[in-house]
Each structure stands twice: as C-alpha cells, then as structure tokens.
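Please open the model in a viewer and keep the selection panel at hand.

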Amino acid sequence: MKVYLDNNATTLVDPHVFEQMEPFFVQKYGNPNSLHLFASETHQPLKTAMEKIYAGIHAPREDSVVITSCATESNNWVFKSIYFEYILTGRKNHIIISEVEHPSIISGAKFLETLGCRVTYLPINKEGIIEASTVRDYITNKTALVSIMMANNETGAIFPVQEIGEICKEFNVLFHTDAVQAIGKIPLDVQSFNIDYLTFSAHKFHGPKGIGALYIKKGRELTPLFHGGSQMGGHRSGTLNVAGIVGMGKAMEQAIDSLDYEMCEIREMRDAFEDKLLKIKDTFVVTPREKRTPNTILISFRGIEGESMLWDLNRSGIGASTGSACASEDLEANSVMEAIGADDDLAHTAIRFSLSRYTTQEELDYTLGVVLEAVDRLRAISSSYAYAPEGHESGLDSHHH
Ligand code: C6P
C-alpha cells in the first residue's frame with residue numbers, strides 16, 4: 001500500500017483541475033498578450049480563473065492579485081520591495097517576523113539585515129503560537145513591515161492574524177501574511193483581517209506546482225521584482241502561465257467548496273489518528289489540536305530520530321516528513337521544536353503527518369500499524385531512549401517550569 005501523508009509539502013493535482021488545464025498545452029497555446037484568435041481563446045478562461053481566485057480570498061475587485069511562480073517568489077517580492085521603498089530611502093529601518101516563518105521569509109529577512117535593516121524575530125509560546133500582543137511590544141515608528149504566517153507549515157499552528165492585522169492598522173504599519181498553509185484549511189478573508197499583502201501557492205491546495213500569487217491591497221504598490229512587459233499590469237512581467245492560472249482558479253474554487261469537509265471530516269480523522277498515536281508511550285504534540293489546521297500533526301516519539309522513523313515508514317510505502325520539506329536534507333532539529341525550547345533529543349524526533357481530502361481511513365489504519373511496529377523496533381535499539389530520564393514526558397520541563 002502507498003500512503004501519502006505529506007500534504008503540507010505538496011498535494012496531488014485534483015483530476016478536475018488537471019482536466020481544465022489540459023487544453024492549454026497542445027490546443028490553446030496562444031500567448032494571451034498577442035493580438036489574434038490564438039490569444040483570445042485564452043482570455044475568458046483566464047478571466048474566470050482570476051474571478052475564482054479573488055472570490056476564494058474575498059478580495060474586492062479594486063485590489064490586485066498578481067500571479068507569481070510560487071509562494072517563495074511572492075514572499076521575496078514583498079521583502080525586496082520593502083527594501084527599495086523604505087530601507088534604501090531611509091524612511092524606515094525595521095521589520096518584524098516570527099521565528100518560525102518559512103525559509104523563504106527568514107532568508108529574505110536575513111538578507112535585508114545584510115543591507116542594514118533591523119529584524120525582530122518574534123518568539124512563539126510553548127503552544128507553538130505567536131501572541132499578538134508581542135507584535136505591539138516591538139512595533140516602533142521605524143517599522144516598515146510585519147510579516148506573520150497565517151498557519152505554520154510544521155505544526156499547523158494557526159496564528160492570530162486578524163488581531164495582528166488590527167494592531168498593524170492602528171500603528172499604520174504594513175502587514176503581510178504567508179497564507180500558504182491556510183487556503184482550503186481554514187476560512188480566510190483579506191478584508192476583515194486587515195491584510196495588505198497575502199501569499200499563496202497552488203500546489204498546496206491540489207493545484208499545479210510552479211504557480212502562486214501575491215494579493216496586494218489597493219494603494220499598497222510594490223516595486224516589481226521582474227521588470228519587463230506589461231503583463232499583470234506591469235507588476236510582474238513575463239508571459240502568463242495560462243494553464244497554471246486556469247488550474248489555480250479551479251483548485252481555489254474546489255478548496256473553498258471542500259472547506260467544510262476539511263474542517264469536519266478531515267479534522268475528525270486526524271483527531272482519531274492522533275489519539276491513537278498519543279497512546280504510544282512518551283509521545284508529544286506541541287500545539288493543541290483546536291489551535292491547528294485540521295490536517296496537520298507534528299508528533300515527537302521520544303528516543304527515535306525523525307529520519308529513522310521516516311525510513312521505516314518509507315519502506316512500508318508511507319510518505320511523511322520531519323518538518324518542512326525544503327529543510328529536510330540538512331538533518332537539523334525541527335525548527336519549531338527548537339523554538340519552543342524542547343531538549344535536543346526531543347527536537348530531533350518530530351514527525352509531521354499532513355492529511356488531505358484524499359486521505360482515507362484505511363490509509364490511516366495501515367499507517368498506525370506501521371508506526372507501532374517502527375516504534376518498537378527503533379526504541380529497542382535507541383540508546384537515548386534507554387537512558388531517558390523517568391517521567392520526562394515532554395522534554396520541556398527544564399525550560400518552561
Ligand atoms: N512548504 C513544506 O514542506 P513554494 O515552494 O514556493 O510553493 O512554497 C513555499 C512555502 C512558503 N510558505 C509556507 C508556509 C510553506 O509551507 C511553503 C512550502 C513546504 O512545509 C515545502 S518547504
């Protein structure tokens with residue numbers, strides 16, 4: 001049996017999405033900016049797709065949704081533009097992010113530091129969540145941008161973005177949120193959340209890879225990252241990825257349509273699976289489940305290196321991860337576990353299971369069996385488990401009490 005439980009890394013392209021994209025490769029391949037019939041036949045499908053994308057995030061018509069190649073590009077664009085508009089000109093010199101943002105934000109912030117920008121990395125609390133009040137504590141009149149993700153990719157922790165948006169509005173500071181892990185999992189509304197910029201990526205919600213977007217509120221212009229032709233109103237030049245946009249539109253529509261299923265059925269399946277995993281001795285989950293996206297579990301098995309567990313799972317056809325896919329080759333401790341102050345042993349033992357609307361009960365039952373066997377096998381040969389102090393269930397005691 002093959003079981004895919006790494007849906008926070010990427011998702012399968014929904015067959016309906018694929019079906020809608022297909023004509024735009026071999027049949028309707030015109031460049032939308034050309035002046036002939038091959039171009040015109042792409043116009044209506046593009047318009048329909050854009051309408052679905054606007055509707056999905058509740059963006060009013062007057063705001064912009066600029067198509068990019070992925071969330072990484074959208075995030076980079078915001079940071080580099082802030083540099084050109086505020087830091088370079090000397091108007092401001094400070095940005096605030098959380099210490100558990102995706103690498104496409106953290107690396108962007110670190111790059112700005114080399115250019116003279118001051119960066120505050122907000123800590124998460126012991127539940128793995130940013131407290132909105134900490135944003136208020138660190139805003140100064142030199143703060144150009146606050147960038148806090150809507151939901152964390154590793155734990156699924158949902159951050160209080162609405163409250164943070166209000167604080168930013170009160171202090172007249174621009175607010176960006178990386179909503180990559182939120183679309184299709186929790187309700188999202190750019191208007192009531194006071195968001196200036198919002199990032200997302202189609203492949204996280206059953207759309208294709210290589211297409212994403214940045215929402216930009218009216219009046220909050222950005223310096224383009226790509227200068228060139230007049231595509232996307234000159235905000236982001238380059239020939240449009242027609243198939244990708246059509247696919248992202250359909251995927252967004254379906255993500256919104258299946259939100260209830262995600263919030264009820266997937267959540268129930270996730271919770272039941274998690275209950276069974278937590279029955280295993282010396283297991284530990286950071287964020288309470290009601291404060292998480294419905295599909296995600298980050299669980300630590302004391303004494304078992306995350307990579308060893310992945311190996312055993314993989315041998316049995318199960319795909320999971322130790323955290324963010326793009327950080328998984330470095331064998332470092334899980335970044336969220338480190339941020340909450342978990343001891344070194346525990347920080348290396350996290351496994352992320354992320355479900356999707358395609359996940360079945362049968363797959364979870366099978367996975368549970370494999371996990372149980374792996375825990376027995378790996379703990380039997382684990383020296384760190386043999387010597388683990390009695391009663392140190394979470395590994396957090398020394399840091400938080
Ligand atoms: N996170 C994960 O395994 P791209 O690759 O550009 O489409 O998306 C990047 C990205 C940005 N923000 C967040 C919150 C994300 O989770 C991701 C992708 C994957 O967690 C791959 S590293």
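Contact, as used throughout this tour, means heavy atoms within 4.5 Å. This is a predicted model, in which local features need pLDDT of at least 70 and side-chain atom pairs count only at pLDDT 80 or more, while totals for chains, interfaces and linings use all residues. Residues are numbered from 1 along each chain as its sequence is written, and side-chain values use heavy atoms, with hydrogens and water left out.

**First stop: Ala71**

Select Ala71, which lies in helix α4 (residues 71-87). Helices here are DSSP runs (H or I, at least four residues), as strands are (E, at least two), and they are numbered from the N terminus. Is Ala71 buried or exposed? Ala71 is buried, at a relative accessible area of 9%; buried means under 20%, exposed over 50% and partly exposed in between, with a 1.4 Å probe and protein chains only. Leaving aside residues up to four places away in sequence, Ala71 touches Val180, Thr199, Phe200 and Ser201.

**Second stop: Phe18**

Move to Phe18 in helix α1 (residues 15-21). Phe18 is partly exposed, with a relative accessible area of 46%. A C-alpha to C-alpha line from Phe18 to Ile381 spans 46 Å, for a sequence separation of 363 residues.

Select Cys70, which is partly exposed at 24% relative accessible area. Cys264 also counts as partly exposed, its relative accessibility being 42%. How many disulfides does a search of the whole structure find? The search finds zero, a disulfide being a pair of cysteine sulfur atoms within 2.5 Å.

Two packed helices are described by the angle between their axes and the distance between the axes. Axes are lines fitted to C-alpha atoms, for helices over the stretch in contact, and angles run from 0 to 180 degrees between N-to-C directions. Select helix α3 (residues 37-57) and helix α8 (residues 242-257): they pack at about 40 degrees, and their axes are 8 Å apart. The crossing of α3 past α8 is left-handed; that term applies if the near helix is turned anticlockwise from the far one by less than a right angle, and right-handed applies if clockwise. The contact of α3 with α8 divides into 12 nonpolar, three polar and three charged residues. Ala, Val, Leu, Ile, Met, Phe, Trp, Tyr, Cys and Pro count as nonpolar, Asp, Glu, Lys and Arg as charged, and the others, Gly among them, as polar.

Next, display helix α9 (residues 259-278) with helix α13 (residues 361-380); their axes lie 11 Å apart at an angle of about 15 degrees. The two helices are therefore roughly parallel, a label for angles under 35 degrees, with over 145 roughly antiparallel, 65 to 115 roughly perpendicular and the rest oblique. α9 passes α13 in a right-handed crossing. Residues making this contact include Met269 and Phe273 of α9 and Leu364 and Leu368 of α13.

Finally, keep α13 and select helix α10 (residues 306-315), whose axis comes within 10 Å of that of α13 and crosses at roughly 135 degrees. α10 and α13 are therefore oblique to each other, and their crossing is right-handed. Among the residues that meet are Met309 and Leu313 in α10 and Val371 and Ala374 in α13. By class, this contact of α10 with α13 has seven nonpolar, one polar and three charged residues.
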